[in-house]
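Thanks for passing this one over. Here are some friendly notes to read with the model open beside you.

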Amino acid sequence: MWNATAKSGCSTCFTNRMMGFYVIARSRRRRGNPKKNAESAMESSYVYILTNKLHTVLYVGVTTSLSRRMKEHAAGQSAFTRRYNVHKLIYEEYRDVRDAIARKKQIKSWSRKRKIGLIDSQNSLWKDLSDGFV
C-alpha cells in the first residue's frame with residue numbers, strides 16, 4: 001500500500017494538498033456570472049420536429065435560434081439529418097430553455113404514433129414550416 005507520508009513528508013501536508021485540489025475543482029464548477037446564468041435560463045428556445053420527404057424519419061431537436069439551426073440542417077452540418085435527408089420542419093414550439101429541454105426529452109420518449117398525433121394536431125397536412133428560415 002502507498003504511504004502518503006513517505007512522499008509528502010507528513011500526512012497533514014498531503015491532506016491539505018488534496019483538500020486544496022478539491023476546493024479548486026469545486027470553484028471551477030461555480031465559475032461564471034450568476035446574473036448572466038440566470039438570463040440564459042430565461043432565454044427562449046424552440047422544440048422542433050423535422051422529417052424527410054416520405055415522412056419515414058422523425059428528428060426531435062431543441063435550439064435557441066431556429067433560423068440558424070434550420071440553415072445548419074440544410075447545409076448538412078448535422079450527421080443524422082445529412083444521413084437520413086431530414087430537412088422538412090413540421091412542428092415547432094416556443095418555450096424557455098429549461099422547459100424546452102424537458103419537452104424535447106418528453107417527446108423523444110414517446111412512440112412514433114404519439115408523435116404523429118402531436119404533429120397532426122398542429123400541422124395536419126405536414127406542410128414545411130421552414131420556408132421563411134432557409
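**Notes on the sheet and its cover**

1. Tyr46 has Thr63 of strand 2 opposite to it. Before going further, please keep in mind that this is a predicted model, where local features need pLDDT of at least 70, side-chain atom pairs count only at pLDDT 80 or more, and totals for chains, interfaces and linings use all residues. Residues are numbered from 1 along each chain as its sequence is written, and side-chain values use heavy atoms, with hydrogens and water left out.

2. Here is the overall inventory. The protein has 7 helices and 3 strands, in the order α-α-α-β-β-α-α-β-α-α from the N terminus. Helices (H or I, at least four residues) and strands (E, at least two) are DSSP runs, numbered from the N terminus. Of the 134 residues, 30% are buried, where buried means under 20% relative accessible area, exposed over 50%, and partly exposed in between (1.4 Å probe, protein chains only).

3. The strands form an open sheet of 3 with the order 2-1-3 and antiparallel pairing. Strand 2 (58-63) and strand 3 (88-96) are at the edges with a single partner strand each, so one side of each has no neighbour in the sheet. On average, neighbouring strands are turned by 15° against each other, direction ignored. For pairing, DSSP must find at least two bridges between two strands.

4. Strand 1 (residues 44-51) pairs with strand 3 in the antiparallel sense over 8 bridges. In that pairing, Ser44 has Asp96 as its bridge partner, and Ser45 stands opposite Arg95. Strand 1 is also joined to strand 2 by 6 bridges, again antiparallel. These two strands form a hairpin with 6 residues between them, and His55 in the turn has a positive phi of about 65°. Strand 1 is mostly covered, with 6 of its 8 residues buried.

5. Thr63 deserves a look of its own. This strand 2 residue counts as buried because its relative accessibility is 6%. A polar atom of the Thr63 side chain lies 3.3 Å from the backbone nitrogen of Ser65. The Thr63 side chain also makes a polar contact with the side chain of Arg68 (3.3 Å). A polar contact is a pair of N or O atoms within 3.5 Å; within protein, one must be able to donate a hydrogen and the other to accept it, and residues adjacent in sequence count only if both atoms are side-chain atoms. Leaving out residues up to four places away in sequence, Thr63 touches Ser45, Tyr46, Tyr48, Arg68 and Arg69; contact means heavy atoms within 4.5 Å.

6. Which helices lie across the strands? Helix 4 (residues 66-75) lies across strand 1, strand 2 and strand 3, at about 30° to strand 1. Helix 6 (residues 97-109) lies across strand 1, strand 2 and strand 3 too, at about 135° to strand 3. Axes are lines fitted to C-alpha atoms, for helices over the stretch in contact, and angles run from 0 to 180 degrees between N-to-C directions.

7. Which residues of helix 7 are buried? In helix 7 (residues 112-122) they are Lys115, Leu118 and Ile119. They cover an arc of only 95° around the axis, which puts them on the same side of helix 7; the arc is that of the directions from the helix axis to the C-beta atoms. The buried residues of helix 7 pack against strand 1, strand 2, strand 3 and helix 6, whereas Lys113 and Ser121 are exposed on the other side of the helix.
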